[in-house]
Amino acid sequence: MRLKITLKSKTNYLKIPFNYNHWLSAIIYKKIDDLNLSQKLHSSTSFKFFTFSQINVPFKKITKTGIISKNGVINFYISSSNDYLIKSMVNGYLNDLKINFGNHILFVEKIELIPEIKINNKMKFNTISPIIVRTKKEINGKLKIWDLSPSPDFFKGLEKNLVKKFNSFNNSNITDKIFISSDMRNVKRKRIGIKKDNNYIYQRAYMMDLILEGDPKLIKFAYDAGIGEKNSMGFGMLDVFN
């Protein structure tokens, strides 16, 4: 299931930093009506099975320090393979229309439930939040985490991660093959900072088109829960390619 959330500031002006993922992540956890579920997800070090898109700003101005919404309106999408989680979020937003978004106070203007799409065994998507795929490399005798760029290893990593997440969510052990590729016509590298304590950890991620071929249940899971790593921090959300 997925939602579109539209928010508005009191004034017709809202300035958003370029690295806002931690702001969105914070309001998502705070708006989960089931507090036990929210705490469990927040403290989990495993898969969380939800993702969210980048912010859409209908009337915007780009500056050197951030994005300005010229009418104070922004929207974003949330998606999860856990329907209960989405329903709990809806309740949370409806019970309290006020949102602390970083240092701004926003209000819920609209909540929309996005209709389910028809899933086939071959589908083309585009990302609405960038994809991260990582590996470990030995550098100067030490193993370090390395962000991959689109390559055969990148796509293999996406495939393995998707099956692993699916099995974790469903408590299953499928070995079905999923093939992920790209036309590589719409690839854009993004450098995104995730705030941890008082510092930013920068990730190299990619906006791009993807082709998924295989079992429709795996493709649907990718659409619902996100693809690649760090989905719950706003990475790897897909939409049907237009």
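Student: Is Phe221 buried or exposed?

Tutor: We judge this by relative accessible area, where buried means under 20%, exposed means over 50%, and partly exposed lies in between, using a 1.4 Å probe and protein chains only. Phe221 has a relative accessible area of 5%, so this residue is buried, whereas Phe169, with 31%, is partly exposed. Keep in mind that this is a predicted model, in which local features need pLDDT of at least 70 and side-chain atom pairs count only at pLDDT 80 or more, while totals for chains, interfaces and linings use all residues. Residues are numbered from 1 along each chain as its sequence is written, and side-chain values use heavy atoms, with hydrogens and water left out.

Student: How many aromatic pairs does the structure hold?

Tutor: Rings of Phe, Tyr and Trp (its six-membered ring) pair if their centres lie within 6.5 Å, and planes under 30 degrees apart count as stacked, over 60 as edge-to-face and the rest as tilted. By that rule the structure holds 11 aromatic pairs. In one of them, the ring centres of Tyr29 and Phe50 are 5.9 Å apart and the planes stand at 80 degrees, so the pair is edge-to-face. Tyr29 belongs to helix α1 (residues 21–30) and Phe50 to strand β3 (residues 50–52), so that this pair links distant parts of the chain, 21 residues apart; helices (H or I, at least four residues) and strands (E, at least two) are DSSP runs, numbered from the N terminus. Tyr29 counts as buried at 8% relative accessibility, and Phe50 counts as buried at 1%.

Student: What kind of pair do Phe169 and Phe221 form?

Tutor: Phe169 and Phe221 form a tilted pair, 5.7 Å from centre to centre and with 50 degrees between the planes. Because Phe169 lies in helix α4 (residues 152–170) and Phe221 in helix α5 (residues 216–225), the pair ties together parts that are 52 residues apart in sequence. Phe169 and Phe221 are also members of a cluster that ring pairs build with Phe47, Phe49 and Phe166.

Student: Over which ring does the charged end of Lys124 sit?

Tutor: A charge sits over a ring if NZ of Lys or CZ of Arg is within 6 Å of the ring centre and within 35 degrees of the ring normal. The charged end of Lys124 sits over the ring of Phe241, 4.1 Å from its centre, and that of Arg191 sits over the ring of Tyr202, 3.9 Å from its centre.

Student: How many bridges join β13 to β14?

Tutor: Two strands pair if DSSP finds at least two bridges between them. Here 9 bridges join β13 to β14, and the two strands run antiparallel. As an example, Lys196 has Asn199 in β14 as its bridge partner. The hairpin of β13 and β14 has 2 residues between the strands, and in this hairpin Asp197 takes a positive phi near 60 degrees.

Student: Which element gives the most to the lining of the largest pocket?

Tutor: In the largest pocket, α4 gives the most to the lining, with 6 residues.
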